[in-house]
Amino acid sequence: MNKNILIVSIKHRNRTAGLFQKSLTKWGCLIKTRIGIHDAVLDKCSDRGLIILELVGKKQDALKMYSEIRKIKDLKVKLVSIS
């Protein structure tokens, strides 16, 4: 069984999060697991983040999602398939 994992590094969370979230909502049915990581301290929140998405469904749908998300400025995106 193949697993598709989408890894997204966000450079400027505060200005990119809205566009990224809109895209995640569009592709929400493909997302089985979502893990978000960023450095947070009570008085200061990092503007960088890392999102790891476990995807379900067809590989071609994962590729479409990947193609759309990688167009968003300040994101670095990798699609990894593990069998």
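**Entry 1: helix pair**

I looked up the H1–H2 contact and found Phe-20, Ser-23, Leu-24 and Lys-26 of H1 meeting Met-65, Glu-68 and Ile-69 of H2. Contact here means heavy atoms within 4.5 Å. I sorted the residues of this contact into four nonpolar, one polar and two charged. For that sorting, Ala, Val, Leu, Ile, Met, Phe, Trp, Tyr, Cys and Pro are nonpolar, Asp, Glu, Lys and Arg are charged, and the others, Gly among them, are polar.

The model is predicted: local features need pLDDT of at least 70, side-chain atom pairs count only at pLDDT 80 or more, and totals for chains, interfaces and linings use all residues. Residues are numbered from 1 along each chain as its sequence is written, and side-chain values use heavy atoms, with hydrogens and water left out.

I then took the geometry of the pair. Two packed helices are described by the angle between their axes and the distance between the axes. H1 covers residues 13-26 and H2 residues 59-69; their packing angle is about 165° and their axes are 11 Å apart. That angle makes H1 roughly antiparallel to H2 (over 145 degrees counts as roughly antiparallel). The axes are lines fitted to C-alpha atoms over the stretch in contact, and angles run from 0 to 180 degrees between N-to-C directions. I noted the crossing of H1 past H2 as right-handed, that is, the near helix is turned clockwise from the far one by less than a right angle. Helices (H or I, at least four residues) and strands (E, at least two) are DSSP runs, numbered from the N terminus.

**Entry 2: Asp-74**

I found Asp-74 in the loop between H2 and strand S6 (75-82). Asp-74 is buried at 17% relative accessible area; buried means under 20%, exposed over 50%, and partly exposed in between, with a 1.4 Å probe and protein chains only. Which side chain does Asp-74 join in a polar contact of 3.0 Å? I found Arg-15. A polar contact is a pair of N or O atoms within 3.5 Å; within protein, one must be able to donate a hydrogen and the other to accept it, and residues adjacent in sequence count only if both atoms are side-chain atoms. Beyond four places in sequence, Asp-74 is in contact with residues including Ser-9, His-12 and Thr-16.

I also checked the backbone. Most residues other than glycine have a negative phi. Phi of Asp-74 is near 70°, a positive value.

Asn-4 is in strand S1 (residues 3-10) and is buried at 6% relative accessibility. Its side chain makes a polar contact of 2.7 Å with that of Ser-81. The side chain of Lys-59, in H2, also has a polar contact with that of Ser-81, at 2.6 Å. Lys-59 is partly exposed, at 40%. Leaving out residues up to four places away, I listed Asn-4, Leu-79 and Ser-81 as touching Lys-59.

**Entry 3: Leu-6**

Leu-6 and Leu-79 are 73 residues apart along the chain, with their C-alpha atoms separated by 4.6 Å. Outside four places in sequence, Leu-6 touches, among others, Ile-51, Met-65, Ile-69 and Val-77.

Key: Angles under 35 degrees count as roughly parallel, over 145 as roughly antiparallel, 65 to 115 as roughly perpendicular and the rest as oblique.
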